[in-house]
Amino acid sequence: MLPRLGVNIDHIATLRQLRGTPYPSILEAARFAEAGGAEQITVHLREDRRHMQDADVKLLRKELKVPLNLEMAVDPKMIQFACKIRPNWVCLVPEKRQEITTEGGLNVKKYRKEVAQAIAKLNKSGIKVSCFIEPSIEATQISHELGADAVEFHTGQYCMATQGAFGARSAARAKAELSRLEKAALAALKFGIRPHAGHGFDYENVRPVAELETAARKPLIEEYNIGHAIVCRAALVGLERAVREMKSAILAP
């Protein structure tokens, strides 16, 4: 099975919220992403509603032709909202009001009880659940024990390293982070849950991850959720083409 691309369109909503305008259209953006080959649309409904709004999620759930992946905090009100809307997937993420973007993986060990209860409620409503975690075997095993259908590995450290964020140490750091990701993804398969990945990917650093394989020489990562790089590229070439280019980066031999 080829890896799936989930396109995160949060930053389309960010542009709209900056001026309080009725444009750009979230649904139109989703449709361009679908036309470009997105197999999933991903949105993060944050507690402070800084970009996506409740109405956006409801509209997408009604109109999308591809699955909807809703990222959200482990919060009772958010769980209730998701159970009512019933997206195809919910990705449980950590959330801080002051952060610019999600800064790390969910601490499933610390919040074991809360995560387990959230997964149980969501599954009961027919929603599949992934946990957004750091690429570690321990966090992967705990996510499995709590009932998650998948884990989405936070690839921020790897991506920052590939972009030179750690100076002279960047190349070595990128190599180490890629190895850590590979080990965690192989562990996920061993535990019987799906390995996904996201955060910080661009059109170049996604390639080494896409080249990781299972023992059967199949792609190791089953799904990628990518937003910022695609929306930035879309500002120059359009969203449909930007999505097609990212799919090519992931699927090219």
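**Cysteines, strands and helices**

A: Happy to! Cys 83 is partly exposed, with a relative accessible area of 21%. Here, buried stands for under 20% relative accessible area, exposed for over 50%, and partly exposed for anything in between, using a 1.4 Å probe and protein chains only.

Q: What should I keep in mind about the model and the numbering?

A: This is a predicted model, where local features need pLDDT of at least 70, side-chain atom pairs count only at pLDDT 80 or more, and totals for chains, interfaces and linings use all residues. Residues are numbered from 1 along each chain as its sequence is written, and side-chain values use heavy atoms, leaving out hydrogens and water.

Q: Back to cysteines: how many disulfides does the structure hold?

A: It holds 0 disulfides, a disulfide being a pair of cysteine sulfur atoms within 2.5 Å. Cys 83 is in none, and its nearest cysteine sulfur, that of Cys 131, is 15 Å away.

Q: Switching to strands, how many residues of strand 1 are buried?

A: In strand 1, residues 4–8, 4 of the 5 residues are buried. Strands are DSSP runs of E with at least two residues, and helices are runs of H or I with at least four, both numbered from the N terminus.

Q: Which strands does strand 1 pair with?

A: Strand 8 (residues 223–226) runs parallel to strand 1 and is joined to it by 4 bridges. Strand 2 (residues 40–44) also pairs with strand 1 in the parallel sense, over 3 bridges. Pairing calls for at least two bridges found by DSSP between the strands.

Q: Which residues stand opposite Gly 6 and Val 7?

A: Gly 6 faces Asn 225 in strand 8, and Val 7 stands opposite Ile 41 in strand 2.

Q: Is Asn 8 buried or exposed?

A: Buried, at 10% relative accessibility. Asn 8 lies in strand 1, and a polar atom of its side chain is 2.8 Å from the backbone nitrogen of Asp 10. Beyond residues up to four places away in sequence, Asn 8 touches Thr 42, Glu 71, Ile 226, Gly 227 and Val 231; contact means heavy atoms within 4.5 Å.

Q: Which residues of helix 10 are buried, and what covers them?

A: In helix 10 (residues 228–237), they are Ala 229, Ile 230, Val 231 and Ala 234. Their cover includes strand 1, helix 1 (10–19), strand 8 and helix 11. Just after helix 10, Gly 238 takes a positive phi of about 95°.

Q: Last one: what is Ala 249 in contact with?

A: Leaving aside neighbours within four places in sequence, Ala 249 contacts Tyr 203, Val 206 and Arg 207. Ala 249 lies in helix 11 (residues 239–251), and its C-alpha atom is 6.1 Å from that of Tyr 203, 46 residues apart along the chain.

Notes. Polar contact = N/O pair within 3.5 Å; in protein donor to acceptor, adjacent residues only side chain to side chain.
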